[in-house]
Amino acid sequence: MSRTTFFEVEVLDANTKEQLCFLNKVEPYSTIGDIKSLFHKSYPHWYPARQALKLDPKGKSLRDDEILQNLPVGITATVYFRDLGPQLGWTMVFLVEYIGPLLTYLLFYIRVPYIYSPRYAFTSSPHPVVTLACACHTFHYVKRLIETIFVHRFSHGTMPLRTIVRNCVYYWGFSAWLAYYINHPLYTPPSYGELQVNYALFLFVMCELGNFSIHWTLNNLRGDRTRGRRFPMPTKNPFTWLFVFVSCPNYTYEVGAWVSFSILTQCLPVALYTLLGFIQMTIWAKGKHRAYSREFKDYPSLRMAIIPMIL
């Protein structure tokens, strides 16, 4: 009967190269996640989600599911530790990021004191489009919150607290900037009146429904593990037919919703926010598109990343 060969794992600080921990008799089938748990016992304040373990101090972090005996190491393995800082789970990340814009916008809509001139405190705009814009903005972020709680499936991944602060500044800050101008007492309605507003509202609703449909489809795809990993395909839902042309229609619909909101309000800060969002979502979509193309040999060549036939 063969004997199991155990590993020894030396954990060094990635910056100082100082030995932090030496683990004896580690099972060969142990994963990096298991090693993080063992390391956590020696340093309780460095919980697994806060740890980054590498084979090289300047290399890539090892995934939690990588198996020790499959790594290019000897019986005595040396890994380098880096502290990622305080972490927060993805569900909580999105809740914090989305509740802020929702509440911030409403403060400007009801015109709490000290935002505008004192005589406008707790007054309302005479323009119906202002109320409509508030309803659309509120619906958008309430939908995001509902999706975060009931639709999206998150892994055990986390985000560094410092990154969350930066993201909140972005989302909350832009929400306040948009709301300031849309709810300003001197705000003027769109140039083409109700016609412009109605067309923009129709486009906004269609894009929000499309965005939700894509998120629901992706949720079902991740939930069905019996058929292995697959790339998303159109379903009977017409909103998902955009999968024929792009890899990330959720971003396409998201951009469309903000373009329609820009048209509905005819507000320059909204247009700028839409442009910045489009740039960021294009980066994400291209990354996802490349990942699909590498993983699946039969991935449809017709698909683009975010804009059909263009980008």
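The model is predicted: local features need pLDDT of at least 70, side-chain atom pairs count only at pLDDT 80 or more, and totals for chains, interfaces and linings use all residues. Residues are numbered from 1 along each chain as its sequence is written, and side-chain values use heavy atoms, without hydrogens and water.

**Cysteines**
- The structure holds zero disulfides (a disulfide is a pair of cysteine sulfur atoms within 2.5 Å).
- Cysteine 134 has its closest cysteine sulfur in cysteine 136, 9.4 Å away, which is too far for a bond.
- Cysteine 134 is buried, at 5% relative accessible area (buried is under 20%, exposed over 50%, partly exposed in between, with a 1.4 Å probe and protein chains only).
- Cysteine 168 is also buried, at 12%.

**Positive patch**
- Lys60, Lys286, Arg290 and Arg294 gather in a positively charged surface patch.
- Patch residues have over 30% relative accessible area and no salt bridge; like charges are joined within 9 Å, nonpolar side chains (Val, Leu, Ile, Met, Phe, Trp, Tyr) within 5 Å.
- A salt bridge puts a side-chain nitrogen of Lys or Arg within 4 Å of a carboxyl oxygen of Asp or Glu.
- Arginine 294 sits in helix α7 (residues 268-295) and is exposed, at 59% relative accessible area.
- Helices are DSSP runs (H or I) of at least four residues, numbered from the N terminus.

**Nonpolar patch**
- A nonpolar surface patch has about 740 Å² of accessible area together; its residues include Trp177, Tyr181, Leu272 and Trp284.
- Helices α4 (161-182) and α7 each supply at least two of its residues.
- Helix α7 gives the most, with six residues.
- Isoleucine 279 lies in helix α7 and is partly exposed, at 44% relative accessible area.

Note on methods. Areas by Shrake-Rupley, 256 points an atom, 1.4 Å probe, with all protein chains shown as cover. Lys, Arg positive; Asp, Glu negative; His and termini not counted. Charge placed at Lys NZ, Arg CZ, Asp CG, Glu CD.
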